[in-house]
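Please find below a short note on the model shown here. The points proceed from the whole chain to single residues.

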Amino acid sequence: MTAASSRPWRHLLCGASLLAMLADLGGCAVGPNFHHPSAPATDFAQAGRPTRTDSVAGADGQAQIFHPGADIPAQWWELFRSPALDRLVRHALANSPNLDAARHALRVAQENRAAQAGVLYPSISASFNPARFKTSRTYSAVPNSNSWLYTVHTAQLNISYQADIWGGLRRGIEASGAQRDAERYQLEAAYLSLTGELVQAAIGYAALRAQVDTVQELIASQHQILDSATRQMALGQMAEADLAVQRAQLAQDEAMLVPLRQQLSQQHDQIAALAGDMPDDPTPDFTLDGFTLPQDLPVSIPARLIDQRPDVKVAEAGWHAACAQVGVAIANRLPNLQLSATPGLAAASIGQMFVPGYGQWMIAGMVSQPLFQGGQLMHQERAARAQYEQAAAQYRAAVVAAVQDVTDSLNAVSADATALVADSNAERAATRGLDIARARVTYGDASRVEMLMATQTTLQARLTLAQARAARLSDTAGLFQSLGGGWWNRHDAPPARTGWPP
């Protein structure tokens with residue numbers, strides 16, 4: 001193509017770009033502007049809340065200290081100092097299908113936002129159309145060349161641009177960016193949910209394992225008592241009625257193992273599923289003694305909580321998207337400017353397309369204003385505003401739920417420590433009573449029925465103590481989870497974006 005023939009193309013492209021820039025600079029964005037919400041007026045470290053929990057001698061009985069404003073590590077589960085738990089969590093993060101699906105959902109949202117940004121630029125497409133024609137003798141004069149057949153080669157660019165005068169396109173991009181942010185925080189919510197559920201499942205498995213071991217230990221002790229009682233009855237030193245009571249109690253205790261073992265198997269299957277494995281795959285054998293109770297507990301201030309909770313950030317992103325959609329609905333009711341240009345070449349042969357004089361072009365601008373559409377645009381705007389108010393209410397509900405969750409977790413941690421003190425004292429008293437009952441039986445000062453009752457009391461005390469230890473570990477993990485889990489301190493966490501462009 002010669003310089004003369006290419007000059008119109010350059011002029012049209014430069015003119016279209018100039019109009020695009022002028023329209024963009026002169027445009028404004030209608031609709032409300034979204035601002036980051038303020039924190040709720042509350043204080044978790046309010047007057048009357050203790051700064052530390054109760055304590056008692058024994059496993060998991062140490063006092064826990066609350067530190068307002070302290071940060072949470074990204075791998076908060078490492079505070080329990082369980083190598084088996086650390087390996088399980090790392091394995092689950094690499095193999096969880098739910099987490100993998102959330103990553104792909106974020107990728108989809110990122111690509112959709114990038115695609116949405118293309119509406120701010122001119123749309124350019126090229127076409128080449130070679131066509132063969134035959135002229136009719138009836139409706140056309142005889143050509144000079146006496147040829148009724150001819151060919152036309154047409155090469156053309158189609159350029160169109162929608163001037164974003166009112167900012168409706170930019171509001172659409174803003175909404176798409178907010179939806180991308182929502183998916184980002186959905187990924188963080190999936191990450192937090194997976195790690196939290198794994199820790200809770202591991203602690204639950206350890207608690208069931210402790211209960212099974214306790215019941216098995218006491219059943220073995222009861223078998224020894226029953227064997228001794230059977231020999232005594234044969235010698236006439238024990239009544240058959242007392243022996244029947246011992247046998248009935250042993251059968252009841254053995255029956256307790258069936259549901260406990262079933263729950264233990266179900267807990268194993270849950271851990272395997274969370275880790276992305278099959279039920280037949282091996283899982284760690286957790287015990288309560290394999291966990292260390294964290295003593296220093298963070299308490300986030302509300303201003304940080306609303307930026308740490310993924311569910312609150314998802315609600316905020318939904319509110320932001322709804323806010324931007326109001327601007328889109330308003331812009332749809334205002335005048336619209338559309339620019340278009342179609343420069344091209346048309347020649348009888350491809351060789352002629354590089355010769356000056358065969359160029360053709362068209363440039364046009366169109367202003368359109370919706371006049372009557374049956375109230376459709378008006379009601380769409382009203383619906384967008386109502387959805388905006390709905391999203392605002394949903395955000396407030398998410399904040400209230402987050403504050404309640406943290407408050408409940410703090411109360412649970414304090415109550416668990418108090419309960420553990422009482423249960424530990426009860427277990428020691430029951431164990432002391434059992435030792436006394438065994439000694440009395442040895443010296444003939446008490447019956448085997450009394451020792452059996454002391455054994456049952458000790459069994460229940462030990463089971464209750466194991467549950468109290470597990471509850472303290474579980475609610476401590478729940479506190480870390482309710483505070484957001486420290487995802488913002490991860491090196492692989494996507495950075496949050498604020499402001500325009502989203």
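**Note on the predicted model**

1. The chain exposes about 25,900 Å², of which carbon and sulfur atoms supply 55%; accessible areas come from the Shrake-Rupley method with a 1.4 Å probe, and for residues only the protein chains shown count as cover. This is a predicted model, in which local features need pLDDT of at least 70 and side-chain atom pairs count only at pLDDT 80 or more, while totals for chains, interfaces and linings use all residues. Residues are numbered from 1 along each chain as its sequence is written, and side-chain values use heavy atoms, with hydrogens and water left out.

2. Nine helices and eight strands are present in the chain. Helices (H or I, at least four residues) and strands (E, at least two) are DSSP runs, numbered from the N terminus.

3. Of the 502 residues in the chain, 43% are buried. Buried means under 20% relative accessible area, exposed over 50%, and partly exposed in between (1.4 Å probe, protein chains only). Among the contacts (heavy atoms within 4.5 Å) with a separation of 6 or more, 84% join residues 24 or more positions apart.

4. Helix 2 covers residues 83-95. Its 13 residues should span 18 Å at 1.5 Å a residue, and the end C-alpha atoms are 18 Å apart, which agrees; the expected span is 1.5 Å times one less than the number of residues. Ala84, Leu85, Asp86, Leu88, Val89, Ala92 and Leu93 are the buried residues of helix 2.

5. Ala273 lies in helix 5 (residues 240-274) and counts as exposed because its relative accessibility is 52%. Between Ala273 and Ala92 there are 9.2 Å in space, C-alpha to C-alpha, and a sequence distance of 181 residues.

6. Helix 7 (residues 310-331) packs with helix 8 (residues 376-442) at an angle of about 165 degrees, their axes 8 Å apart. Axes are lines fitted to C-alpha atoms, for helices over the stretch in contact, and angles run from 0 to 180 degrees between N-to-C directions. Helix 7 and helix 8 are therefore roughly antiparallel (an angle over 145 degrees).

7. Most residues other than glycine have a negative phi. Asp60, however, has a positive phi, near 60 degrees. Asp60 sits in the loop between helix 1 (3-26) and strand 1 (65-68) and is buried, at 6% relative accessible area.

8. Is Arg81 buried or exposed? With a relative accessible area of 63%, Arg81 is exposed. Arg81 belongs to the loop between strand 1 and helix 2, and its phi is positive, near 55 degrees.

Notes
Angles under 35 degrees count as roughly parallel, over 145 as roughly antiparallel, 65 to 115 as roughly perpendicular and the rest as oblique.
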